[in-house]
Amino acid sequence: MKLASTLLGGATLALAGAAFAQSIEDQTNPNLANPPLWDDLADLEVIRVGDTFYYTASTMAYSPGAPVLKSYDLANWEYIGHSVPELDFGPEYYLNTSSRGYVQGIWASSMRYRESDSHFYWIGCIVSTQNSYVYKAASPEGPWERWSEFETCYYDAGLLFDDNDDVYVAYGAYNISVAQLSFDVTEELSTTLVLESPDVYLEGSRFYNINGSYLIAVTRPADAEFILKADNPYGPYDMKTLVDAIAAPVDGAGAPHQGGLVDTQDGQWYYTAFIDNYPGGRTPVIAPVTWDEDGFPVIVADGDGGWAGSYAMPVITDKLALSPLGTDSFTGSSLGPEWEWNHNPDNSAWSLGSGGGRRRQVGLTLSTSSVTTDLFQARNTLTHRIRGPKSRGTFVVDVSSMADGDRAGMAWFRDRSAYVGVHKSGSTSRVVMVNGITMEQSDWSTADEGAVAEEGPTLSPWSTGSTVHLRVETDIRPAGSLIASFWYSLDGESYAQIGPDFEEDTDWHFFMGPRYSVFNFATVETGGSVLVKSFTQEAIE
Ligand SMILES: *[C@@H]1O[C@H](CO)[C@@H](O)[C@H](O)[C@H]1NC(C)=O
Ligand SMILES: *[C@@H]1O[C@H](CO)[C@@H](O)[C@H](O)[C@H]1NC(C)=O
Ligand SMILES: *[C@@H]1O[C@H](CO)[C@@H](O)[C@H](O)[C@H]1NC(C)=O
C-alpha cells in the first residue's frame, strides 16, 4: 500500500505537463526481470544520458514511428515519445492508394545523444526509398524534426558520436561498413568496408567507442551476436562471439540476439537484446556483462549457461518510470505516447475533446475516413501494443453516431486479424465478431476480408443504450494457450464471449506483433463517427 501511494505520487510528478491522463497501477519491477517490458519493441538501441536510459525500437508501418522510452534502472520503462512524427516517405504510408506500407517503413535504426549540442539524433534507412533520414530533438519527448536525408541506405544503422565529436555510422547486411558523416550530420564524407562476411549473414550494427576501442555489435539473425573490436573506426576488426543460441528466459521463445551495450553511471555494463517471442512479437531482454582480458564483453549467464530470468537491479533509485497498465480516458489534448496509428492517419478524421457535442462526452472521436470493406485498407486504426504474458484490453465506445454501412470495433490486429465490433446496417446496429481477416504473406495484400462468425444483440438507444464495451483477452506466451478471445458488454459489468477462440500463431514473417486496436470505417459513405471513451489494459492470470 505504501508502495502504491508512493507510485501515485510519482505518477503525478511524471505526468505533470503530459497531455494525456492515465491511472497507473502498482507494477514496479523489484529486480531486473526478463523481459523487463513484455511489449513488442524490436531492434532496440538503449543509451544512457546522465542517470536516464532511453530506448528506441522499430515500428514498420505504424505512425508515428520509432517510439522513445525512458528508464532510470533498465528494469522499469515508460513510453515518452516518437522520433519519426510522420512516415512521409511515399504514398504507400497513407492507406489512400492501393499500395501499402506493411512490413516496410521503420526498420532497425539508431538513436544517440550528442554531448556537444545537447541533442538527440535518430537515423534510419527506409527500405522503400533506400534513403536514410536523420531526425533531431532537444528533448527525447520531442518535438522531433527531420534534420537531413541521405541518398543511400545505411541498412540497420548504428550511429556513433566519437569522443572528438566525429560522426560515424556502422551499417550493412553480410558486409559491414563504416561511413563518416559531416560534423553537421548532413553529408557522407567517406564509407569503408570494415568486415567482408561471405558466409554468415550479419546485420543490426551498433557502434561504440569504449575507452578508445571501437566496438561494433552485429547479429546473425535470429540467434547470435558478435562483437567486432578495433583500435580505429575503420579496423581491422577482431571478432568474438557474445552469444550463440543461448537459452532464452521465456519458455518457447527464440534466443536473445540483435542488441547493444550500455553502462550505468557507476560503470556496470549490460547487453540489451531481444527475443523472438511470437505470437507477441519481439521482446527486450537484458543481462549484465563483464569484460575479458582482450576487452570483449562476456554475458553473465545463469547456472545452466542460459540467459537468467532475473538479475540484480542495475540501479537503485527512487526515480520512477511508469510502464502503465490501467485506463486512458483520452482526456488530454494529444494522444499518449503508447499509441500508434496503422499507417499515417487522416488527421481531419479524428479529434480529442468533446465528441460531437450532443452529450458533451469527452474522448477520442473517430470519424470514418475510408470507404472500404477491407480492415487492412481502412485509415485511422489506432493501435496499442499487447502486454504479455497475458492481458486484457477493453475499449468503451459510443456508437450512436455511426452511419449506414459503418463498421467499428476492436481488433486483434496483425496479418491475421479478427475483431469484435458493431456493424450498422440501415438503422440497425448489431454487435458482431468477424474472423478470418488475412493478408498474403508474399506481398501483404489482403487475402481475405473475413466474415461474421457470430452475431450478438442489436443496440438500441432506448433499451440497451449506445455504449458498448469491447474486449480482447489474450495469452501471448509462445508456450501458452495461443488463444485470444473476444467479448462485449452493454453495461460494463457482465461480459459475453462472442465468436470462436482466435487461434494465434508464432509465425514471424509480419515481424510486428499483434496489437489491440480500435477502428471505424465506412462501407457506403463517410460521415459517421464513434466516440472512444476509454481504453483499459490489465494484466491477467
Ligand atoms: C493521401 O493522404 C495524404 C495526406 O493526408 C495526402 O497528402 C495525399 O495527397 C493523399 N493521396 C491521395 C491519392 O489522395
Ligand atoms: C561484400 O563486399 C565484397 C567486396 O567489396 C563484394 O565483392 C561482395 O559482393 C559484398 N557482398 C555483399 C553481400 O554485399
Ligand atoms: C574504461 O576505463 C576506466 C578507467 O580506466 C575503467 O575503470 C573501466 O573499467 C574501463 N571500461 C572498460 C569497459 O574497459
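Q: Hi! Which residues are around ligand 1?
A: Hi there! In this predicted model, the residues around ligand 1 are Y94, N96, T97 and R379.

Q: And how does that shell split by class?
A: The shell around ligand 1 has one nonpolar residue, two polar ones and one charged one.

Q: What is the distance from an oxygen atom of ligand 1 to an N or O atom in the side chain of N96?
A: That distance is 2.3 Å. As for cover, ligand 1 taken alone exposes 360 Å², and the protein buries 37% of that.

Q: Good to know. Before I go on, what is the mean pLDDT of the protein chain?
A: The mean is 93, and 94% of the residues reach 70 or more. There is one stretch to flag, though: over residues 1–26 the pLDDT is below 50. That stretch still has 43 contacts in the model beyond near neighbours in sequence. Where pLDDT is low, the predicted coordinates should not be read in detail.

Q: What surrounds ligand 3?
A: I210, N211, W269 and W291 surround ligand 3. The class count here is three nonpolar, one polar and no charged residues.

Q: How far is a polar side-chain atom of N211 from an oxygen atom of ligand 3?
A: The separation is 2.2 Å. On its own, ligand 3 has 360 Å² of accessible area, and the protein covers 34% of it.

Q: Where does N211 sit in the fold?
A: N211 is in the loop between β15 (203–210) and β16 (213–220).

Q: Is N211 buried or exposed, and why?
A: N211 is exposed, because its relative accessible area is 80%, and the cut-off for exposed is over 50%.

Q: Let's look at strand β15 itself. Is S205 buried or exposed?
A: S205, which is placed in strand β15, is buried, with a relative accessible area of 0%.

Q: What is S205 in contact with, leaving aside neighbours within four places in sequence?
A: Its contacts are D156, A157, G158, A170, Y171, I176, I216, A217 and V218.

Q: Switching to Q377, where is that one?
A: Q377 lies in the loop between β27 (362–367) and β28 (382–385).

Q: Is Q377 buried or exposed, and why?
A: Q377 counts as buried because its relative accessible area is 17%, and buried means under 20%.

Q: Which residues is Q377 in contact with, apart from neighbours within four places in sequence?
A: Q377 is in contact with L95, T97, S98, R100, S370 and T372. One of these, T97, is also among the residues around ligand 1.

Q: Last one: where is G90 found?
A: G90 is in the loop between β6 (78–84) and β7 (110–114). G90 is buried, with a relative accessible area of 18%. Its C-alpha atom is 43 Å from that of A308, a residue 218 places away along the chain.

Note on methods:
Residues numbered from 1 in each chain as written. Chains lettered and ligands numbered in written order. Heavy atoms only, no water. pLDDT = per-residue confidence, 0-100. Contact = heavy atoms within 4.5 Å. Near = heavy atom within 4 Å. Polar contact = N/O pair within 3.5 Å; in protein donor to acceptor, adjacent residues only side chain to side chain. Areas by Shrake-Rupley, 256 points an atom, 1.4 Å probe, with all protein chains shown as cover. Nonpolar A, V, L, I, M, F, W, Y, C, P; charged D, E, K, R; others polar. Helix = DSSP H or I, 4+ residues; strand = E, 2+ residues; numbered from the N terminus. Buried < 20%, exposed > 50% of the residue type's maximum accessible area, 1.4 Å probe, protein only.
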